[in-house]
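Subject: Structure handover

Hello,

Here is the structure I promised you. Please open it and keep it beside this message while you read.

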Amino acid sequence: MLAASCASEEELKISITNPTDIALTDAFVSFEISKDFESFTIFNGEKEIPYQYLKSSGETEIGFVINLVPNENKALLLRSIDKKISSFKSRTYAELAMKPGNVYSDGKFRGDKFVNVRQLKVPAIHTDHDALFKYEGPGWESEKVGYRFYLDWRNANDIFGKKISELVLSNVGVHDTVAKDDSYHQMQDWGMDIFKVGNSLGIGSIGMLDEDKVFMVSKTDSIYSEIPENGPIRSSVRTSYFGWQVGEKKYDLVSTLSIIAGSRLTKCDIDISNNPENLVTGLAKYEGTDFIRNNGNAEWAYIALYGNQTLVGPEDKLGIAVFYRRNDLMKITEDELSYIVKLKPPNGKVEYYFCAAWEQEPEGIINRNEFIKYLDDTVELLNNPPLVKIDLVGIQ
């Protein structure tokens, strides 16, 4: 990430280089920019590129996605303008929708609608299946795939598979009690909830190993959740867990889950207190899947599963994966429910990604070889992201 700052510049030349031998579609690029650029456009030749101001630590940062052929160097132009920032079509979405009013009786939160909120403290009485949240917690999506996690003692990630290349979650699970033809547990025109999580790590969920047992983020003193970003290029969900009980110790943990336009990847940024020995993530184990592991020597690696592991039917194929930094890895292990990636969080921080690739996506990945090719291309991009160089142009 580079900074661009000069009080008098009118334009910036942004050189983007693909250092890989693979074609990149919707590769994410971000950099800091001077606050002198209050309004601007970015051009690729004569074509305007959508961008987004990003939430970052104190600096003004923007991000966009771009297509690059192998080893291409592409020159873009950022130009100051005297008008409001363009409004771009959203390619990502995140939401947290709940019953208003906290009306609670007979084990359920009452009401006939869900209302989107920007942030909230989770009520202490909330538990699974009490109808407080639309589809039981926050959701986030790109055009390719949607995800959710259960904002209760289960705290596990789940998958919405898509048969259309559109944002759909705003219209999913909107009714408290749904008929078969309206339930996201049944196949709809857009797709459905395709994964069964149970008591496993699901796909990329957070936990900790203590005495060889996985503790999910289940027992806490309090939980706050928010939607810090909901934009055309990136959307995210941030959740703060206070007093997470693991054995005799307690931890405060902040999880930020984000997704980029055109991507299947969810990025997980974890920040935890009290210097834990480990954090774990992983993948649910099901019969009918092949375990795949990348054993390269580069910074990023992965584990993955491919095969019959959806709720759709015995022949339906799904690939799931977790990408992790090799320097953070303590070991790959497993229990009866999950394949487990045990990570060391240096300075209380760890970063990893997870993804799902369903064969019923438009132009979806339909066999094991295609899935491995996708995984290898993805890890190549993580290890060799686009290079950014910024030059000042037109200085007065």
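One thing before we start: the model is predicted.

**The nine-stranded sheet**

Nine strands make up an open sheet. Their order is β14-β21-β22-β23-β24-β31-β28-β27-β26, and they pair in the antiparallel sense. Two strands stand at the edges: β14 (119-121) and β26 (289-293). Each has a single partner strand, so one side of each is left without a neighbour in the sheet. Between neighbouring strands of this sheet, the turn is 15 degrees on average, direction ignored.

Now look at one pair inside this sheet. Strand β24 covers residues 266-272 and is joined to β31 by six bridges. These two strands run antiparallel. Find Cys 268, then find its bridge partner in β31, which is Tyr 352.

Helix α1 takes in residues 368-383. Which strands does helix α1 lie across? They are β26, β27 (300-307), β28 (318-325) and β31. The helix runs at about 160 degrees to β27.

**The five-stranded sheet**

Another open sheet has five strands, in the order β9-β15-β16-β17-β18. The pairing is antiparallel here as well. The edge strands are β9 (92-95) and β18 (191-193). Each of them has a single partner, so one side of each has no neighbour in the sheet. From one strand to the next, the twist averages 15 degrees.

Take β15 (residues 139-142) and β16 (residues 145-149) as an example. They pair antiparallel over three bridges. Glu 141 stands opposite Gly 146 in β16.

Leu 343 lies in strand β30, which spans residues 338-343. Is Leu 343 buried or exposed? Its relative accessible area is 1%. Buried means under 20%, so Leu 343 counts as buried.

What does Leu 343 touch? Leaving out residues up to four places away in sequence, its contacts are Glu 277, Asn 278, Leu 279, Tyr 324, Asp 328, Leu 329, Met 330, Val 350 and Tyr 352. Then check Met 208. In sequence, Leu 343 and Met 208 are 135 residues apart. In space, they are 9.2 Å apart, C-alpha to C-alpha.

**The cavities**

Rolling a probe the size of a water molecule over the atoms shows where empty space is left. How many cavities of 30 Å³ or more does a search of the whole structure find? It finds two.

The largest cavity has a volume of about 70 Å³. Its lining includes Phe 149, Asn 155, Tyr 241, Cys 268 and Tyr 352. By class, that lining has seven nonpolar, five polar and no charged residues.

The second largest cavity has a volume of about 30 Å³. It is lined by Ile 206, Ile 270, Leu 279, Val 280, Thr 281, Leu 343, Val 350 and Tyr 352. Seven of these lining residues are nonpolar, one is polar and none is charged. β25 (279-284) and β31 (349-358) each supply at least two residues of the lining. The largest share, three residues, comes from β25.

So where does Tyr 352 turn up? It is in the lining of the largest cavity, and it is in the lining of the second largest cavity. Leu 343 is also in the lining of the second largest cavity.

Best wishes

Key:
Residues are numbered from 1 along each chain as its sequence is written. This is a predicted model: local features need pLDDT of at least 70, side-chain atom pairs count only at pLDDT 80 or more; totals for chains, interfaces and linings use all residues. Side-chain values use heavy atoms; hydrogens and water are left out. Helices (H or I, at least four residues) and strands (E, at least two) are DSSP runs, numbered from the N terminus. Buried means under 20% relative accessible area, exposed over 50%, partly exposed in between (1.4 Å probe, protein chains only). Contact means heavy atoms within 4.5 Å. On a 1 Å grid over the protein atoms alone, a cavity is a set of points where a 1.4 Å probe fits but cannot get out, and a pocket is an open set with protein on both sides within 12 Å along at least five of seven lines; lining residues have an atom within 4 Å of a point. Grid points are joined across faces, edges and corners, and a volume is the space filled by probe spheres set on the points. Ala, Val, Leu, Ile, Met, Phe, Trp, Tyr, Cys and Pro count as nonpolar, Asp, Glu, Lys and Arg as charged, and the others, Gly among them, as polar. Two strands pair if DSSP finds at least two bridges between them. Axes are lines fitted to C-alpha atoms, for helices over the stretch in contact, and angles run from 0 to 180 degrees between N-to-C directions.
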